[in-house]
Amino acid sequence: MPPDHNPGQPHHPSDGHTHGHHDGLPDDTLWAFGAPGTRALRIGIGGPVGSGKTALVASLCRLLADSVSIVVVTNDIFTTEDAEALRRMAVLADERIVAVETGACPHTAIRDDISANLDAVEQLEAANAPVELTFVESGGDNLTAIFSRALVDRQIFVIDVAGGDKVPRKGGPGVTTADLLVINKTDLAALVHADLAVMDRDAKARRGELPIAFTSLVEPAGAQVVADWVGAQLAGWRSASHAHR
Ligand SMILES: Nc1nc2c(ncn2[C@@H]2O[C@H](COP(=O)(O)OP(=O)(O)O)[C@@H](O)[C@H]2O)c(=O)[nH]1
Ligand SMILES: [Mg+2]
């Protein structure tokens, strides 16, 4: 059970708590506020524009939605394009997908002023109850965008090989600290002369023991390795809830 959890007191970020008091705890205790298992597991999906975040959300929904109740919040700067794309792909019922329009600063809406996202998440989870898994796709901007631990329990950072094999070496908090680093578009590696072994080595140097997944989402089961990781997180979330009872 997470040491900071108190079942009698909802731990809401708007009452001034931050994730800072989690510092130094083992990663498995880093669930966002609230009792593990009493709500959906929330997973953030961040990374630069075009790296494949929406494609990953779509693939994960295709792989998991038969067995898990899923909702998705997308963040776009001025449009609801990602949400519309997911609806067109019909990976979930329309009412399970909601867009937050973030205005100028997409990273602010997932890291600093998370209230619009948290409202969207809570409303979506309530309207589609019971929800087991919530994805929050960030509006991509650059390598620095990460999610507040008050918004999501786990975060996946997606980069792609098309930017060249230097990207993991450049580091940044997404590459370095995300719970899972996805290096996408491996199908394009040869075309852009990106060396996957170099990306793997540099990413490991930045991340230590944290996991890395190479994907090609143009392949039908390209996201299976990520779906397996999500399944393991979900199992951890559920067993944390049992341990808590
Ligand atoms: N070749 C290739 N294209 C991909 C892959 N994943 C995504 N794409 C394409 O990359 C573009 C951007 O993907 P999208 O999911 O919208 O990126 P986002 O901005 O991070 O959400 C789209 O045209 C996708 O079809 C991949 O693994 N391989
Ligand atoms: Mg997108």
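Mentor: First, a term: helices are DSSP runs of H or I with at least four residues, numbered from the N terminus. The model is predicted. Histidine 107 sits in helix α3, residues 106–111. Histidine 107 counts as partly exposed because 19 other C-beta atoms lie within 10 Å, and burial takes 20 or more. Leaving out residues up to four places away in sequence, histidine 107 touches Asp141, Thr144 and Ala145. Take aspartate 141: 34 residues separate it from histidine 107 along the chain, yet their C-alpha atoms are 7.1 Å apart.

Now the strand. β4 spans residues 133–137 and is mostly covered, with five of its five residues buried. In a regular strand, side chains alternate between the two faces of the sheet. In β4, Leu133, Phe135 and Glu137 are on one side, Thr134 and Val136 are on the other, and all are buried.

Next, the pairing. Strand β1, residues 41–46, runs parallel to β4 and is joined to it by five bridges. Within that pairing, isoleucine 43 stands opposite phenylalanine 135. Strand β2, residues 70–76, also runs parallel to β4, again with five bridges. There, threonine 74 has glutamate 137 as its bridge partner.

Last, the ligand. Ligand 1 is surrounded by 16 residues, the closest being Gly52, Lys53, Thr54, Ala55 and Leu217. Helix α1, residues 53–64, gives the largest share of that shell, three residues. By type, the shell has five nonpolar, eight polar and three charged residues.

Key:
Residues numbered from 1 in each chain as written. Chains lettered and ligands numbered in written order. Predicted model: local features only at pLDDT ≥ 70, side-chain atom pairs only at ≥ 80, totals over all residues. Near = placed C-beta within 6 Å. Helix = DSSP H or I, 4+ residues; strand = E, 2+ residues; numbered from the N terminus. Nonpolar A, V, L, I, M, F, W, Y, C, P; charged D, E, K, R; others polar. Buried ≥ 20, exposed ≤ 12 C-beta atoms within 10 Å, placed from the backbone. Contact = placed C-beta atoms within 7 Å. Pairing = 2+ DSSP bridges.
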